[in-house]
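I opened the notebook for a new model today. Here is what I looked up, in the order I went.

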Amino acid sequence: MDSVSSFYSLEASEGDELEPCEESSDTDGLVDAFGDLAALPVEADGRRPTCLRCCRPEKVCLCPFFPPQPLEVSTCLYVVQHPAEESRVLRTVPLLAACLPQEKCNVIVGRRFNEAKHADLAALCQDPRTLILYPGPKSQDLEELVQNQEVGTVKHNVIIIDGTWSQAKNIFLKNSLFHLPKQVHLNRTLSSEYVIRTQPSNICLSTLESAAVALSILEQNDNILEVLLKPLKALCSFQLEHGAQIHHSKEHLLKNGLYDKPMPKNKGKIKRMEKLISDRNICPR
């Protein structure tokens, strides 16, 4: 709880003379009073102690839910993050990064990227081992891709776009670099554990969840999924215990007549909302 400080001031009317301290018992009383205040112990900073590793208050520290050692994976993740995500309090990318070796989880912040200014990213996109996790008519099922290649022969790079759904869509469509890698999607029917943020549909996943599923497929190790979801579940549990509410997906609200916002008048937006009920692709967030 923040401490409250009170400020006092002494004023003398214009023309009044202040007598020497040793000759005024009233002034002595004031000096003694301030002396007593000065003798009080200084109140410590009102901010809650913060864990240096996960940067959360110690009472809700997530470190016990991280793996003791970073997971050993051959896949390199590249998270292209919309700048607005940096200011969000409840983000999943820091949890993901805390579970993986530093060189295996790279975060690139921005909206627009081109070959001239982002040569390293352009080279990554041109690498035949690079995949971009983004659903669409041209995307391939990631599990099918892995089944059609020899185990352990390819060490993939995976690009995931981190932002709201509209932000991720804009980043993908307006950056031709991201149209070069092989486009893949997840075909597993999973319900998101990230219940403290609203998802468009019941099977839409957070960035961490998308990365966890992709890594478990590429590394052929389902234990990776369990390990990476552990801190996310703990985060949601802490938030719900401290007053957060479960956020049902827009799909759930629409299906059950619980959507309490005005329906859009734009036909395109109406079609997109209708698609939430029928579209079964899983997208990263």
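**Ground rules.** I am working with a predicted model, in which local features need pLDDT of at least 70, side-chain atom pairs count only at pLDDT 80 or more, and totals for chains, interfaces and linings use all residues. Residues are numbered from 1 along each chain as its sequence is written, and side-chain values use heavy atoms, with hydrogens and water left out.

**Cysteines.** I searched the whole structure for disulfides (a pair of cysteine sulfur atoms within 2.5 Å) and found 0. For cysteine 51, the nearest cysteine sulfur belongs to cysteine 63, 3.5 Å away, and cysteine 51 is in no disulfide. Cysteine 51 is buried at 13% relative accessible area; buried means under 20%, exposed over 50%, and partly exposed in between (1.4 Å probe, protein chains only). Cysteine 99 is in no disulfide either, with the sulfur of cysteine 105 as the nearest, 9.4 Å away. Its relative accessible area is 0%, so I note cysteine 99 as buried.

**Charges.** How many salt bridges does the whole structure hold? I get 1, taking a salt bridge as a side-chain nitrogen of Lys or Arg within 4 Å of a carboxyl oxygen of Asp or Glu. The partners are aspartate 127 and arginine 129, whose closest N and O atoms are 2.8 Å apart. Aspartate 127 is buried at 17% relative accessibility, whereas arginine 129 is partly exposed at 40%.

**Cores.** Next I looked for nonpolar cores (buried Ala, Val, Leu, Ile, Met, Phe, Trp, Tyr and Cys residues joined through side-chain atoms within 4.5 Å). The largest has 43 residues, and Leu96, Leu100, Leu142, Leu186 and Leu228 have the most contacts inside it. Among the elements that each supply at least two residues of this core are helix 2 (93-99), strand 3 (130-133) and helix 7 (223-241). Helix 7 gives the most, with 10 residues. I took helices (H or I, at least four residues) and strands (E, at least two) as DSSP runs, numbered from the N terminus.

I then followed leucine 96: leaving out residues up to four places away in sequence, leucine 96 touches Leu77, Cys105, Leu208, Ala211 and Leu228, where contact means heavy atoms within 4.5 Å.

**Helix 3.** Which residues of helix 3 (residues 119-126) are buried? I list Leu121, Ala122, Leu124 and Cys125. They sit on the same side of helix 3 because they cover an arc of only 160 degrees around the axis, the arc being that of the directions from the helix axis to the C-beta atoms. These buried residues pack against strand 1 (76-81), strand 2 (105-109), strand 3 and strand 5.
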